[in-house]
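Please walk me through the charged side chains of this structure. I would like to know where they sit and how they pair.

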Amino acid sequence: MKQMNQMMKQMKKMQDQLMKAQQELEAKEFEGTAGGGVVKVTVNGKKQVVGLNIQPDVVDPDDVEMLQDLIIAALNEAQKQVDDATSKDLGKLTGGLNIPGLF
């Protein structure tokens, strides 16, 4: 019984640490850029877009596709940063285990 209680306490501690780390990660912001910084996308740790900055000189009404591509590239970069930070920060606590719903 004593070992079971000890194990339950350890699991609860790990769960608390994971929740705290996940909350801290969600509060962080990540910035992706494209076109040498002419397009910047900022996302939070939940991958929600919280900012978009487009330099006016990149807006060309005759080439909307290029602007769309730059926005997509910047967004993909920002979201990859979230994924990398999630794997790094939460991976430390899980010992590399992939826990469904956590990553």
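Lys47 is partly exposed because its relative accessible area is 34%; buried means under 20% relative accessible area, exposed over 50%, and partly exposed in between, with a 1.4 Å probe and protein chains only. This is a predicted model, in which local features need pLDDT of at least 70 and side-chain atom pairs count only at pLDDT 80 or more, while totals for chains, interfaces and linings use all residues. Residues are numbered from 1 along each chain as its sequence is written, and side-chain values use heavy atoms, with hydrogens and water left out.

The side chain of Lys47 meets that of Asp83 in a salt bridge, at 2.6 Å from N to O. The two residues come from distant parts of the chain, 36 residues apart: Lys47 is in the loop between strand S2 (39–44) and strand S3 (49–54), and Asp83 is in helix H2 (residues 64–94). Asp83 has 35% relative accessibility and therefore counts as partly exposed. A salt bridge here is a side-chain nitrogen of Lys or Arg within 4 Å of a carboxyl oxygen of Asp or Glu. Helices (H or I, at least four residues) and strands (E, at least two) are DSSP runs, numbered from the N terminus.

How many salt bridges does the structure hold? There are 4 of them, and the pair of Lys47 and Asp83 is one. Another joins the side chains of Lys12 and Asp16, with 3.1 Å between N and O. Both of these residues belong to helix H1 (residues 2–27), where they are 4 residues apart, about one turn of the helix. Lys12 counts as partly exposed because its relative accessibility is 46%. Asp16 is at 36%, so Asp16 too counts as partly exposed.

Helix H1 also holds the pair of Glu24 and Lys20, again 4 residues apart and about one turn of the helix. Their salt bridge has its closest N and O atoms 4.0 Å apart. Is Lys20 buried or exposed? Lys20 is exposed, because its relative accessible area is 53%. Glu24, at 44% relative accessibility, counts as partly exposed.
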